[in-house]
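This report goes through a single structure, taking up its charged pairs, its metal site, a sheet and its nonpolar packing in turn. The sequence and coordinates come first, and the description follows.

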Amino acid sequence: MNDGDTTGTDRVVVALDVGGTGMKCALVRADGVAIHTERHPTDAARGPAAVIGTILDVAEGLADKARTDGSTPVAVGIAVPGVVDEARGVAVWSANVGFRDVPLRDLATARLGLPTALGHDVRVGGLAEARLGAGRGAGHVLFVAIGTGIAAAHVVDGVAAIGAHGAAGEIGHIMVRPDGPRCGCGRPGCLEAVASASAVGRRYAELAGGSTDGAVTAAQVADRAAAGEPLAARVWQEVVEALADGLATGQALFDVATIVLGGGLAQAGDRLLDPLRVALRERMTFHREPRLVAAALGDEAGCLGAALLALDAVGVRDPQERR
Ligand SMILES: [Zn+2]
């Protein structure tokens with residue numbers, strides 16, 4: 001289909017990044033530039049069938065919009081959280097969207113008549129950061145998203161490793177503190193039980209006892225540490241040390257040129273990156289120290305990454321993109 005167009009100038013892909021609360025959607029050109037963006041609520045409480053209906057409606061609406069504007073939609077890319085079987089195009093399991101074995105790729109292809117690629121939200125976010133964002137120009141990139149959990153994507157020459165079972169990159173479940181708090185996965189001391197954005201707030205509240213007024217966010221802990229509050233500084237240093245342990249393990253495994261930190265905790269910027277660089281350097285023996293940088297694409301990374309998957313699926317790739 002669409003074989004009448006050989007210039008590539010007006011070809012676009014339909015991209016959706018489906019999260020627990022919202023969907024980020026776009027029409028994206030072959031050079032990775034979004035020419036139109038939309039956001040829609042996921043409203044996962046309606047149940048998976050309704051969410052699937054919204055995904056297909058939004059995707060179809062975007063394809064129609066592209067045609068109305070004189071572009072040719074050539075493929076669809078959809079990113080979802082949880083466990084994703086990218087080869088079969090199936091959203092295997094996702095707690096926050098309620099998906100269980102949803103053949104989303106085939107559903108979208110049937111509805112829109114376009115080739116569709118399904119991807120994992122963090123892996124496609126890493127893909128976008130590696131090819132279009134903070135990791136651009138580095139052949140070997142580890143993208144680490146630190147939010148309510150911690151997950152990573154290992155991207156080599158513009159391709160994210162999926163793993164034999166679709167579960168590559170679960171760096172949040174590296175054990176860093178055997179005596180530490182129990183993780184949601186059931187084991188004690190996983191990196192995300194110690195150093196995720198939610199873990200930082202919990203740890204601060206725990207050490208402060210009854211002396212905090214309500215919940216304290218990771219950003220507030222970072223602010224208070226920077227302002228010289230001893231308790232916050234202690235908690236922040238614990239987080240930095242745990243993250244450095246996790247990243248040092250990542251570097252031992254992958255030997256990347258650049259580590260890109262994304263997610264809510266990375267918004268602390270240099271308050272996180274500066275001490276983390278020092279702590280990571282202390283852990284390097286014969287391994288080469290990676291460049292450690294903040295993500296550049298913000299919360300659009302997942303949507304742009306979904307677009308890249310779609311472009312890859314139909315063999316459309318900007319020759320400049322990875323230079
Ligand atoms: Zn765990």
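## A buried charged pair

In this predicted model, E86 and R123 are both buried, and their side chains meet in a salt bridge with an N to O distance of 3.0 Å. Because E86 lies in the loop between β5 and β6 while R123 belongs to helix α3 (residues 121–131), the pair ties together parts that are 37 residues apart in sequence.

## Other salt bridges

The structure holds 20 salt bridges. One of them joins R39 to D299, with the closest N and O atoms 3.0 Å apart, and this pair links distant parts of the chain, since R39 sits in strand β3 (residues 34–41) and D299 in the loop between β13 (291–294) and α9 (301–313), 260 residues apart. With a relative accessibility of 41%, D299 counts as partly exposed.

A further salt bridge is formed by the side chains of R281 and E289, at 2.9 Å from N to O. Here R281 counts as partly exposed at 45% relative accessibility, and E289 is likewise partly exposed, with a relative accessible area of 36%.

## The zinc site

Four residues coordinate the zinc ion, namely H173 through ND1 and C183, C185 and C190 through their SG atoms, at 2.0 to 2.4 Å. The angles among the four donor atoms run from 103 to 122°, and the site is tetrahedral. For comparison, the ideal angle at a metal with four tetrahedral donors is 109.5 degrees.

Along the sequence, the donor residues follow the spacing H-x9-C-x1-C-x4-C. Both H173 and C185 lie in the loop between β11 (159–160) and α4 (191–195), so this pair ties together parts that are twelve residues apart in sequence. H173 counts as partly exposed at 27% relative accessibility, and C185 also counts as partly exposed, at 43%.

## A three-stranded sheet

An open sheet is built from three strands in the order β5-β6-β7, and the pairing is antiparallel. Strands β5 (83–85) and β7 (99–102) stand at the edges and have a single partner strand each, so one side of each is left without a neighbour in the sheet. Neighbouring strands of this sheet are turned against each other by 15° on average, direction ignored.

Within the sheet, strand β6 (residues 90–94) is joined to β7 by three bridges, and these two strands run antiparallel. S94 stands opposite F99 in β7.

## The largest nonpolar core

Which residues of the largest nonpolar core touch the most other members? Of its 41 residues, these are V144, W236, L243, I259, L261, L265 and L276. The elements that give two or more residues to this core include the strands β9 (140–146), β10 (150–156) and β12 (258–262), and among them are also the helices α4, α5 (197–208), α6 (218–226), α7 (230–254) and α8 (270–283). Helix α7 gives the most to this core, with ten residues. As a general background to such an arrangement, nonpolar side chains in soluble globular proteins tend to be buried together.

Methods: Residues numbered from 1 in each chain as written. Predicted model: local features only at pLDDT ≥ 70, side-chain atom pairs only at ≥ 80, totals over all residues. Heavy atoms only, no water. Donors = N, O, S within 2.8 Å, 3.2 Å for Na, K, Ca; no water. Tetrahedral: all angles 85-135°; square planar, octahedral: opposite > 155°, others 65-115°. Helix = DSSP H or I, 4+ residues; strand = E, 2+ residues; numbered from the N terminus. Buried < 20%, exposed > 50% of the residue type's maximum accessible area, 1.4 Å probe, protein only. Pairing = 2+ DSSP bridges. Axes fitted to C-alpha atoms, helices over the stretch in contact; angles between N-to-C directions. Salt bridge = Lys/Arg side-chain N within 4 Å of Asp/Glu carboxyl O. Core = buried A, V, L, I, M, F, W, Y, C linked by side-chain atoms within 4.5 Å.
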